[in-house]
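Grab a pencil and open the viewer.

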Amino acid sequence: MNMGRQCDAGDLAQGPSVTEPARAVPVWGEWDVVVCGGGPAGWVAAVAAARSGARTALVEQLGFPGGMATAGLVGPISKFRFRGERIVGGIPWEFVTRLSARGAAIDNWPSGNVPFDAEAYKQAAQALLCEAGVDLLWHARVCGCLGEGAPPMRLTHVLVETRGGRQALAGRVFIDATGVGDLVARTGLPWRQRAAASELQPMSLCFCLGGVDTGVWQTQMRDDGVRYRSLELGALLAEEVEAGRLENFGGPWAVHGSTLRPGEVSVNATRYAGSAVDPRDLAVAETSLRRDVPVIVQAFRRHPAFRDAYLISTATQAGIREARGIEGLHTLTAEDLLAPALLEDTVALGGHPVDIHLPGSSGQQVRFLERPYGIPYRALVPRNSSNLLAVGGCFAADRQAFASARVQAQCMAMGHAAGTAAALCGPAGVGVAELPTGELQQALQQEGAILAV
């Protein structure tokens, strides 16, 4: 079977190389929509596509959905409200209300930050996927793709590595929801790293503590306009840096985030500067971050509320704030956020502060916004793309805009838009750049998405 030409390999390391022999790759199946990445944007995209009538597959490198929320223990989920008014609805809000109904989320904070139980998140997201009829392909990692034609090249297959060997998935429309552009980087479509490796926002390894006196410790991130980092705990960590036991830290934030039980907090405090798409850098990052956790826990125990604190769990993987980004038909800019006029193809709303964590220190640049802004469909469409969309961590935005829109609720809203768009394009044979956005917006609003305030 001739499956067309192979896409570019992406950002390969320079140096010696070997030639991989040609081989026949079995085709796992054929779908209308293939979503790569099961994080907040990806699993919502898969549900949206399947509910819209598309035969849909979700490819995920782990064995459960949620990505940064579950494997990364990043919480709370931000940002569903702006100054008390909800700005994200549709499938993401349906999910939150399901969690809340089972006591696994708090959904009424004016800030729109939603603390949640990470294990319940896995179960609830999986249930939505199964109810929608999505084919779940766990433990499969994107390693390449195949396509045909000149730009705009049409993808025909995504290649994945599994424990059973390499497989090909045929599809009509593909969505890169890997967070770091693993599929886009292998297509030959234009993309760029958002900054030099040393300037990227640092990675963090979140963890959960028990034994905290949450009767006296403030765990809630209820209101807008507040940074919520703990100056008291930060002073303890600064002592560790001065003593040479800790190289760097962020925040810290010790709140109800990916846990909400009394006596427990989730902590975002570790910090490592580097590139998450450089495998050597990533290995050093995760090793260093995990080594820092017990140092931080020991330091926290010098605070009365943390005297009896103990480590419950560390995240499966480091949280990645920024890596690759597509060159889209429109690039969301700081101007779009700071002087927002809703764009005619708005498919999601954002309102989180511009939040840039500094890689070389414990500093953080925060700018709070005056009103919500629109995220346009064109920012999800890679330039020269025929049948590929990109959402979440790799959508088109400059660094200032991305520093706001990178948070989970906005990624989920992008996923809702992309999944719906893919379902509209696939059966009709419409290119992703040619989809009438009015038709997409109407479909989203019928599912409860909020596109204006």
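**Exercise 1.** Where is the place of Leu 183? Find it, then describe its surroundings.

*Solution.* Before we start, a few ground rules: this is a predicted model, where local features need pLDDT of at least 70, side-chain atom pairs count only at pLDDT 80 or more, and totals for chains, interfaces and linings use all residues. Residues are numbered from 1 along each chain as its sequence is written, and side-chain values use heavy atoms, with hydrogens and water left out.

Step 1: Leu 183 sits in the loop between strand 9 (165–176) and strand 10 (191–193). Helices (H or I, at least four residues) and strands (E, at least two) are DSSP runs, numbered from the N terminus.

Step 2: check its accessibility. Leu 183 has a relative accessible area of 1%, so it is buried. Buried means under 20% relative accessible area, exposed over 50%, and partly exposed in between (1.4 Å probe, protein chains only).

Step 3: Contact means heavy atoms within 4.5 Å. Leaving aside neighbours within four places in sequence, Leu 183 has contacts including Cys 36, Val 142, Phe 174 and Leu 388. Take Val 142: it is 41 residues away from Leu 183 in sequence, yet the two are 6.6 Å apart in space, C-alpha to C-alpha.

**Exercise 2.** Which residues touch the most other members of the largest nonpolar core?

*Solution.* A nonpolar core is a set of buried Ala, Val, Leu, Ile, Met, Phe, Trp, Tyr and Cys residues joined through side-chain atoms within 4.5 Å.

Step 1: the largest one has 135 residues, and Trp 43 and Phe 306 touch the most other members. Helix 8 (residues 408–428) supplies the largest share of this core, 11 residues.

Step 2: zoom in on Trp 43. Skipping neighbours within four places in sequence, its contacts include Leu 58, Pro 65, Phe 95, Tyr 121 and Met 412.

Step 3: A second, separate core of five residues includes Trp 109, Tyr 228, Trp 253 and Val 255.

**Exercise 3.** How far apart are the end C-alpha atoms of helix 8, and how many of its residues are buried?

*Solution.* Step 1: work out the expected span, which is 1.5 Å times one less than the number of residues. For the 21 residues of helix 8 that should give 30 Å, and the end C-alpha atoms are 30 Å apart, which agrees.

Step 1: 18 of the 21 residues are buried, so helix 8 is largely enclosed by the rest of the structure.

Step 2: look past the end. Helix 8 is followed by Gly 429, with a positive phi near 70 degrees.

**Exercise 4.** What covers the buried residues of helix 2?

*Solution.* Step 1: list who is buried. In helix 2 they are Gly 90, Ile 91, Pro 92, Trp 93, Phe 95, Val 96 and Leu 99.

Step 1: the cover includes helix 1 (40–51), strand 4 (81–82), strand 5 (85–86), helix 3 (118–132) and helix 8.

Step 2: The 12 residues of helix 2 (residues 90–101) should span 16 Å, and the end C-alpha atoms are 17 Å apart, which agrees.

**Exercise 5.** In what order do the four strands of the open sheet come?

*Solution.* Step 1: the order is 12-13-11-14, with antiparallel pairing. Two strands pair if DSSP finds at least two bridges between them.

Step 1: strand 12 (253–255) and strand 14 (310–314) are the edges, each pairing on one side only.

Step 2: zoom in on one pair. Strand 11 (residues 207–210) and strand 14 share four bridges, and Cys 208 has Ser 313 in strand 14 as its bridge partner.

**Exercise 6.** Is His 139 buried or partly exposed, and what is its phi?

*Solution.* Step 1: find His 139 in the loop between strand 6 (135–137) and strand 7 (141–148).

Step 1: its relative accessible area is 42%, so His 139 is partly exposed.

Step 2: phi is positive, about 55 degrees, although His 139 is not a glycine.
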